[in-house]
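The report below treats strand pairing, backbone angles, nonpolar cores and aromatic contacts in turn. Please read it alongside the sequence and the structure.

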Amino acid sequence: MDCREVEKLITLYIDAEISRQDRHEVEEHVKHCRRCTAVFEEAQEIKDLVRRVELDKAPHDLAVLIRSQITASAGREFAFNLLRLGSATAVFALAIYGGFAFLQGPPAPRPGAPVPVEVAMETADAPQVTAVAPVAAGNPSRANTMRRFSSPALSRLKKKIITPQVMENLVVEHVRPLPAEIQTPDSDSVARWYASKSGFYTPPPQLASWGGKMEGGRMSRFQDREAVQLFYNVQGKRVTVFMFRPDMIPDLVELNSTEAIDKTDEEDYISTTPGGRMVALFSHNGIGYSIITDLDFVVMRQCIRGIATQPF
Amino acid sequence: MLGWKKDRSKEFMTLASPVMDPLYGTAMKLTRNEEVARDLVQDSYLKAFKYFDTFERGTNFKAWMFRIMTRLFYDSYNERKRNAAMFSSFDDVTINATADPDSRSGAGERRLLAQELQQALDQLPADFRLPLVLCDVHEFSYQEIAEIMECPIGTVMSRLFRARKRMKEIILNMNQTDEATTTKSGQIIPF
């Protein structure tokens with residue numbers, strides 16, 4: 001084995017990827033060749049140096065953001081699969097009912113019961129076509145089985161109140177550079193202002209504990225109804241809070257304490273937009289709140305806790 | 001169904017959480033830009049979760065995640081390269097070292113500071129930097145690196161060989177610059 005061959009194998013040697021036979025030959029060669037010994041030592045030295053390189057660690061907020069996005073993504077997949085399963089089940093069920101009805105033939109009408117026009121016509125001409133509807137209707141136990149199967153899952157879907165449409169509307173309002181009707185960092189003045197306009201006699205959310213500053217507010221609309229829109233500056237970025245009547249949105253999660261927060265699945269009141277913004281929707285003390293922020297999950301959680309722990 | 005959803009994301013996060021630091025560290029080394037590295041890692045996680053069902057259980061999850069990130073990096077690099085020079089080019093690194101390859105001055109003759117080592121590594125083109133980090137820092141095998149980078153093992157070997165050679169040249173160049181600076185600063189400058 002000459003120096004040229006050995007030089008090529010040195011990389012494999014120091015990376016422990018060399019075959020036993022080649023290893024032996026490289027070792028024998030290096031023993032007697034000063035030049036190859038130097039090449040070997042330098043390669044080993046470079047490897048040891050690179051090993052010492054300290055890589056940056058993932059920032060905490062990135063880990064939190066990714067976790068929330070995975071959860072949101074899992075939710076979307078779940079809904080999609082559910083719809084797919086639901087439609088597949090419906091088709092399957094209809095096929096079964098249809099097949100069963102076809103074998104059974106049309107049901108005999110109860111004595112004295114009025115015969116539906118379609119059935120009367122179809123029994124005379126083409127009984128197999130019309131059998132589906134009467135059997136399904138006439139077999140409530142089977143129809144209920146279907147309803148029972150889908151109802152918990154559907155009610156769960158209904159609970160997903162932060163729909164893409166709601167999110168889009170909120171984000172549009174959040175990013176639009178609309179002028180504030182009242183511009184002051186004094187939350188008491190802002191509270192007096194919106195109490196006169198909206199009838200909400202509750203202090204505005206306090207975000208000061210983590211560097212948030214009230215900037216002002218304006219009367220706005222949420223789901224085509226009147227709402228108070230408050231602007232905050234948290235860590236140099238805007239946080240928008242909407243206050244609205246909670247009856248505008250059914251199934252709004254009620255967060256009246258930290259215990260309520262801990263007990264409730266975050267997916268039911270926080271969502272992430274495709275652009276990475278966080279949106280929360282919940283009620284507290286008889287008022288509906290929506291928070292939109294460009295900041296991360298940690299800030300969103302703090303904002304929600306700040307509101308949920310406000311005294312009644 | 002709900003259980004399935006939670007189990008799947010839970011299983012994914014159990015496997016994926018320990019990989020986040022190595023993945024982000026490598027993304028930083030690849031992109032040399034915090035914002036781009038964040039995006040790259042985020043996109044890699046979302047993509048990995050989307051295709052989690054295709055991950056063969058029992059195989060190397062870390063390598064699988066690295067493969068996804070590497071592919072995304074190269075795809076986005078190619079895309080961004082067309083629009084703007086977001087990343088420093090793979091080919092734009094000129095090594096000015098005129099080091100004698102037979103020189104006996106060892107690469108680590110002067111003890112390198114951690115920062116200098118980072119700089120030296122950053123000077124390597126990404127095509128060389130990546131296999132070096134994968135091999136020496138993360139200790140992936142050649143086979144795994146070949147799968148991550150989607151190239152033949154022979155390419156991995158030659159890139160590692162050339163990467164180390166270039167690292168040596170860069171470090172030698174640093175040593176020479178440093179010696180020159182020392183001489184200059186050692187001179188007594190009259191007031």
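## Paired strands in chain A

Tyr232(A) has Val239(A), in strand S3 (residues 237-244) of chain A, as its bridge partner; helices (H or I, at least four residues) and strands (E, at least two) are DSSP runs numbered from the N terminus. Strand S2 (residues 225-234) of chain A pairs with S3(A) in the antiparallel sense over seven bridges, and two strands are said to pair if DSSP finds at least two bridges between them. On strand S1 (residues 212-222) of chain A, Ser220(A) stands opposite Ala227(A) of S2(A), and S1(A) and S2(A) pair in the antiparallel sense over 10 bridges. S2(A) is mostly covered, with seven of its 10 residues buried, where buried means under 20% relative accessible area, exposed over 50% and partly exposed in between (1.4 Å probe, protein chains only).

This is a predicted model, in which local features need pLDDT of at least 70 and side-chain atom pairs count only at pLDDT 80 or more, whereas totals for chains, interfaces and linings use all residues, and side-chain values use heavy atoms, with hydrogens and water left out. Residues are numbered from 1 along each chain as its sequence is written, while chains are lettered from A and ligands numbered from 1 in the order in which they are written.

## Positive phi angles

Most residues other than glycine have a negative phi. In the hairpin of S1(A) and S2(A), which has two residues between the strands, Gln223(A) takes a positive phi near 55°, and in the hairpin of S2(A) and S3(A), also with two residues between the strands, Gln235(A) takes a positive phi near 50°. Asn285(A) has a positive phi near 55° and is placed in the loop between strand S5 (278-284) and strand S6 (287-293) of chain A; at 27% relative accessibility, Asn285(A) counts as partly exposed.

In chain B, helix H7 (residues 142-149) has Tyr142(B), Ile145(B), Ala146(B), Ile148(B) and Met149(B) buried. These residues cover an arc of only 165° around the axis, which puts them on the same side of H7(B); the arc is that of the directions from the helix axis to the C-beta atoms. H7(B) is followed by Glu150(B), whose phi is positive, near 50°, and which at 45% relative accessibility counts as partly exposed.

## Nonpolar cores

A nonpolar core is a set of buried Ala, Val, Leu, Ile, Met, Phe, Trp, Tyr and Cys residues joined through side-chain atoms within 4.5 Å. Of the 77 residues in the largest such core, Phe12(B), Tyr45(B), Phe61(B) and Met167(B) touch the most other members, and the largest share, 10 residues, comes from helix H4 (residues 61-83) of chain B. Apart from this core lies another, of 37 residues, among them Val190(A), Leu207(A), Met219(A) and Ile270(A).

## Aromatic rings and charges

Rings of Phe, Tyr and Trp (its six-membered ring) pair if their centres lie within 6.5 Å, and planes under 30 degrees apart count as stacked, over 60 as edge-to-face and the rest as tilted. The count comes to 13 aromatic pairs over all chains. Phe12(B) and Tyr45(B) form an edge-to-face pair, 6.2 Å centre to centre with 85° between the planes; Phe12(B) lies in helix H1 (residues 2-16) and Tyr45(B) in helix H3 (residues 34-50) of chain B, so the pair ties together parts that are 33 residues apart in sequence.

A charge sits over a ring if NZ of Lys or CZ of Arg is within 6 Å of the ring centre and within 35 degrees of the ring normal. The charged end of Arg238(A) sits over the ring of Phe231(A), 4.1 Å from its centre, and Arg8(B) lies over the face of Phe49(B), at 4.5 Å from the ring centre.
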